[in-house]
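Dear colleague,

A short account of the findings follows it.

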Number of protein chains: 2
Amino acid sequence: MTVYTPGQVAEETGFSLDTLRYYERIGLLEPVERNAAGQRRFSEEDVGWLGMVRCLRDTGMPIAAMLRFAQLVRSGDHTVADRIGVLESHDAAIEAQITLLRERQRAIQRKIQYYRDVQAVAELRETPDPARR
Amino acid sequence: MTVYTPGQVAEETGFSLDTLRYYERIGLLEPVERNAAGQRRFSEEDVGWLGMVRCLRDTGMPIAAMLRFAQLVRSGDHTVADRIGVLESHDAAIEAQITLLRERQRAIQRKIQYYRDVQAVAELRETPDPARR
DNA sequence: ATGGCACCTGGAGTGGGCTCCAGGTCAATG
DNA sequence: CATTGACCTGGAGCCCACTCCAGGTGCCAT
């Protein structure tokens, strides 16, 4: 059974040491195993769960919602349907997020084009008729 | 020249009255015109700028960056190239955001599929051999 | 044995972005 | 002429998600 030091986990998951401790404190992570000196040793399972947390966080799920999901995961197999429900609705939320992002992006791109046109006109003014320069 | 009351602007832009006042306070909005009673009357231009702010906010631009952009807009035509630069790099940031979101979304969808498989196996266990029920 | 390093704890502090509040002004409506 | 409702101000408060800190432990290499 492989175990990971806090430093390794931070490296792998991209969470800071402080964030890892914070997640454990608030119960997003179950109490992590310790070695004789009291230092954390993360299991494969911990690291896997942190991967899930990474996905959910990066897609905008608030910590409170992740805590509820964590509760489901800990409550055993009879919650599998509920977990699917949570993830499906989050999947839909991500889709909506992307749709909005694309919409706003198009508006910004139109603005860029507008500024380019403004520039082009300005240049025309500088050299109104190339043939006559 | 049409003007808009705070309520109308809130309605149209989706920003709350408090947020509109906050944006003016921090200088994201230039001092808004007032009527005789000291109440705000937003111009078309204000509303247009708020549309831009909406786009930038919704796509994750921090307020500090929007303030810098606002400065460029106010500094006159010679900043058009800079504005294009800001918007282009923000456009790229949005693209990156969407790419990450899609990546995470795929991982979540794989997880959903995994849970569905777990469920299927569980059902098999309940009725191991349909022919023999 | 001495330094350096990775880690530990509880608790306080930070930053971003609003959001709320008390107490007040004005204009229109019943 | 009293009430209602939309608005005003300055300032405090809030929520989220970390992040930092002081003071301490244990282990390893020089």
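In this predicted model, 34 residues of chain B are in contact with 34 residues of chain A. The area buried between the two chains is about 3200 Å², and carbon and sulfur atoms give 71% of that area. Three residues, Leu101(B), Ile108(B) and Tyr115(B), supply 21% of the area that chain B buries against chain A, more than any other three residues.

Regarding symmetry, chain B is superposed on chain A by a rotation of 180 degrees with 0.0 Å of shift along its axis, with an RMSD of 0.1 Å. This is the relation of a two-fold axis. The same surface serves both copies, as 100% of the contact residues of chain B recur in chain A. Of the residues of chain B, Ile98(B) comes closest to the rotation axis, its C-alpha lying at 3.1 Å.

Turning to polar interactions, the interface of chain B and chain A holds 6 salt bridges and 14 residue pairs in polar contact. One salt bridge joins the side chains of Arg116(A) and Glu88(B), at 2.2 Å from N to O.

On the side of chain B that touches chain A, the elements giving two or more residues are helix 3 (44-58), helix 4 (63-74) and helix 5 (80-126) of chain B. Helix 5 of chain B provides the largest share, 26 residues. By residue class, this side of chain B divides into 18 nonpolar, 6 polar and 10 charged residues.

With kind regards

Conventions. Residues numbered from 1 in each chain as written. Chains lettered and ligands numbered in written order. Predicted model: local features only at pLDDT ≥ 70, side-chain atom pairs only at ≥ 80, totals over all residues. Heavy atoms only, no water. Least-squares fit on C-alpha atoms with pLDDT ≥ 70 in both. Contact = heavy atoms within 4.5 Å. Buried area = accessible area lost by both parts, 1.4 Å probe. Salt bridge = Lys/Arg side-chain N within 4 Å of Asp/Glu carboxyl O. Polar contact = N/O pair within 3.5 Å; in protein donor to acceptor, adjacent residues only side chain to side chain. Helix = DSSP H or I, 4+ residues; strand = E, 2+ residues; numbered from the N terminus. Nonpolar A, V, L, I, M, F, W, Y, C, P; charged D, E, K, R; others polar.
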